Amino acid sequence: MRLRNLLFLLMALLAAYVILIAVAELPPYGMPDNPVHNQVSERYITGALEDAGVLNMVTAIVLDYRAYDTMFETIVLFTAALAVVVTLKTAERKGGGK
Amino acid sequence: MRDFILKRVAALILPFICMYGLYVIFHGHVSPGGSFAGGIIVGLSFIAFATIYGLEKGRAKLPETVLNWTESYGTLWYGIMGMVGIVKGAPFLANKLAGVSLGAPGALSSGGLISLIGLGVGIRVASTMVTLFFTMMEEEP
């Protein structure tokens with residue numbers, strides 16, 4: 001048992017070491033030449049008004065550029081409500097003895 | 001929670017909260033906010049009503065059939081709005097590519113399909129919140 005705990009500790013340290021190496025390779029936060037500031041965000045910022053015709057850029061991204069994403073977000077909401085309703089309604093019916 | 005003062009204050013405030021939620025949904029593309037936030041506010045007004053006045057009166061305001069309809073057909077409405085693009089010969093959920101007129105930026109009618117899609121999402125979020133709350137509240141003895 002004690003050997004197993006030691007093994008777990010070693011594995012956890014190894015995983016933490018790998019993750020810390022990956023974090024150390026990240027570019028500094030907020031620099032303008034970071035790889036995240038590529039043409040995608042630039043296109044969203046400069047072209048949202050032209051492509052979607054709305055003033056709210058967040059709405060342009062959520063409901064126009066990434067409309068598929070939002071559609072499946074609503075399906076996630078539907079699934080959550082469905083799971084709660086199915087679980088709780090079935091329990092109530094069993095308790096009521098119908 | 002069945003206080004007289006609470007009930008009167010809620011009767012004064014809750015209609016305006018519901019109206020404000022609808023305002024946030026309808027103006028999601030010209031002002032800060034959006035359909036998700038507006039749907040949460042609309043759902044919150046009904047949740048507060050059911051908390052203060054009791055579940056029976058809340059159910060009377062929003063019957064289960066209405067909740068089932070909005071719950072089931074909100075995403076279908078989104079899909080129908082997406083099919084406009086396919087009918088016009090553009091990709092699914094296309095807005096400008098489908099040739100929908102975008103209107104003047106800043107006007108309430110701007111954005112083509114965006115406001116219609118946002119209306120569906122807002123109703124969807126509100127009905128999900130209310131359904132979850134009503135279903136969990138019924139479980140209490």
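Is A:D51 buried or exposed, and what is its relative accessible area? The tour begins there.

**Before selecting anything**

This is a predicted model, in which local features need pLDDT of at least 70, side-chain atom pairs count only at pLDDT 80 or more, and totals for chains, interfaces and linings use all residues. Residues are numbered from 1 along each chain as its sequence is written, chains are lettered from A and ligands numbered from 1 in the order in which they are written, and side-chain values use heavy atoms, without hydrogens and water. The predictor assigns the complex an ipTM of 0.80 and a pTM of 0.80. Chain B has an average pLDDT (the predictor's confidence in each residue, from 0 to 100) of 88, and 97% of the residues score at least 70.

**Stop one: A:D51**

Select A:D51, which lies in helix α2 of chain A; helices are DSSP runs of H or I with at least four residues, numbered from the N terminus. A:D51 is buried, because its relative accessible area is 16%; buried means under 20%, exposed over 50% and partly exposed in between, with a 1.4 Å probe and protein chains only. Now display the residues in contact (heavy atoms within 4.5 Å). Not counting residues up to four places away in sequence, A:D51 touches A:R43, A:D64, A:Y65, B:K96 and B:L102. The side chains of A:D51 and A:R43 are joined by a polar contact of 2.7 Å. Such a contact is a pair of N or O atoms within 3.5 Å; within protein, one must be able to donate a hydrogen and the other to accept it, and residues adjacent in sequence count only if both atoms are side-chain atoms.

**Stop two: A:Y44 and A:Y65**

Next, select A:Y44, buried at 15% relative accessibility, and A:Y65, partly exposed at 26%.

**Stop three: the largest nonpolar core**

A nonpolar core is a set of buried Ala, Val, Leu, Ile, Met, Phe, Trp, Tyr and Cys residues joined through side-chain atoms within 4.5 Å. The largest one has 20 residues, of which A:L63, B:Y78, B:L93, B:I117 and B:V121 touch the most other members. At least two residues each come from α2 (39-52), α3 (57-65) and α4 (67-96) of chain A and from α4 (64-87) and α5 (114-138) of chain B. Helix α5(B) gives the most, with four residues.

Finally, select B:Y78. Leaving aside neighbours within four places in sequence, its contacts are A:L63, A:A67, A:T70, A:M71, B:L93, B:I117 and B:V121.
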